[in-house]
Amino acid sequence: MERRPFVPVLIVVFMIVVAAIVISSPGTEESNDRIYQIGTLEGLLNGDLGGKITVGELLEHGSYGLGTFSGLDGEMIVIDGDCYRVAADGSVSRMPPGTPTPFASVTDLNDDEGVVRITAANYTGLKEQLLSALENDQAFCMFVIHSTYSNVTVRSVPGQQAPYPPLADIIEQQSVYHLEDVTGTLIGFYAPPYIGTVDQAGFHFHFISDDRTLGGHVLDMELSDVDVMVDQKMGLDLDL
Ligand SMILES: [Zn+2]
């Protein structure tokens with residue numbers, strides 16, 4: 001009986017050791033160190049716009065990301081484990097788990113994220129500074145930027161009916177919105193040039209406001225100094 005007090009001590013020691021192992025291994029092949037992608041850019045370009053998985057299935061692979069919906073019906077942004085759609089009319093809706101998607105990328109923010117201070121004044125400058133800040137421009141990266149912006153120019157696109165037209169024809173129908181003095185989050189990805197037509201090479205950002213009423217695919221923005229969370233990824237998991 002006199003040995004009993006040692007049991008809780010041993011449990012506490014064991015828990016500390018386990019916690020230390022988890023925290024000290026961010027660079028290993030954990031699921032949240034990878035990007036999950038459903039569909040390809042090549043498919044979108046050629047009108048392969050039918051749903052492949054549901055939003056519920058997509059969210060099993062990550063809490064941050066972007067994409068689109070069946071029939072290219074609006075712009076998708078995934079933030080804090082919730083999936084939103086910015087429709088062509090600019091309205092924003094949280095989407096139920098059963099909603100189908102033909103193309104999306106998600107991941108989780110990893111422990112090894114770093115913060116890069118960006119002084120650029122616009123989207124072109126942001127991309128240039130992020131590219132020069134990347135430790136490895138042959139790897140994939142996710143970015144999260146929360147700030148107040150004097151202007152974010154976004155677009156969304158109208159949903160299409162099968163047989164679906166090529167992407168270029170749909171982009172011609174895009175709606176463009178200039179959001180002014182808006183506070184929100186930009187979520188973006190960098191894909192290296194060798195990605196070809198699997199995904200969009202370079203940078204791709206979507207925006208959503210803090211009040212979840214404004215957003216879209218980013219065409220341009222005005223910035224003052226912002227902190228960018230940079231999360232380099234160890235791999236890409238692609239489902240077709
Ligand atoms: Zn987009």
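This is a short walk through one predicted chain, from its overall make-up to a few single residues.

Ground rules, then. Residue numbers start from 1 along each chain as its sequence is written. The model is predicted, so I take local features only at pLDDT of at least 70 and side-chain atom pairs only at pLDDT 80 or more, while totals for chains, interfaces and linings use all residues.

Overall make-up. The chain has 5 helices and 15 strands. Those are DSSP runs, numbered from the N terminus: helices are H or I with at least four residues, strands are E with at least two. Of the 240 residues, 33% are buried. Buried means 20 or more other C-beta atoms within 10 Å of the residue's own; exposed means 12 or fewer; partly exposed is in between; and the C-beta atoms are placed from the backbone. Now contacts: two residues touch if their C-beta atoms, again placed from the backbone, lie within 7 Å. Take the contacts between residues at least 6 apart in sequence, and 75% of them join residues at least 24 apart.

On to the sheet. Strands of a sheet pair through backbone hydrogen bonds, parallel or antiparallel. For a pair to count here, DSSP must find at least two bridges between the strands.

Look at E1, residues 34-38. E1 is mostly covered, with 4 of its 5 residues buried. On one side is E15, residues 235-239, running parallel to E1 and joined to it by 5 bridges. Tyr36 stands opposite Asp237 there. Ile38 has Asp239 as its bridge partner in E15. E1 also pairs with E8, residues 104-107, antiparallel, through 3 bridges. In that pairing, Gln37 is opposite Ser105.

Next, another run of strands. E11, residues 175-191, and E12, residues 202-209, are antiparallel and share 8 bridges. Leu186 has Phe207 in E12 as its bridge partner. E12 then pairs antiparallel with E13, residues 215-222, through 3 bridges. Ile208 is opposite Gly215 in E13. E12 and E13 make a hairpin with 5 residues between the strands, and Arg212 in that hairpin takes a positive phi near 60°.

What about the core? A nonpolar core is a set of buried Ala, Val, Leu, Ile, Met, Phe, Trp, Tyr and Cys residues, joined through C-beta atoms within 7 Å. The largest one has 52 residues, and Val78 and Val152 touch the most other members. Which strand gives the most to this core? E10, residues 140-156, with 8 residues. Back to Val78. Skip its neighbours within four places in sequence, and Val78 is in contact with Leu59, Ser63, Tyr64, Gly65, Leu66, Cys83 and Val106.

Leu72 is not a glycine, yet its phi is positive, about 55°. Leu72 sits in the loop between E3 (64-68) and E4 (75-79). Asp80 also has a positive phi, near 50°, and is a residue other than glycine. Its loop runs between E4 and E5 (82-86). Buried or exposed? Leu72 is buried, because 24 other C-beta atoms lie within 10 Å. Asp80 is exposed, because the count there is 8 within 10 Å. Then there is a cis peptide bond between Ala162 and Pro163, with omega about 0°. Pro163 lies in the loop between E10 and helix H5 (167-171).

Last stop, Thr124. This residue is in helix H4, residues 123-133. How far apart are Thr124 and Asp220 in space, C-alpha to C-alpha? The distance is 7.9 Å, although Thr124 and Asp220 are 96 residues apart in sequence.
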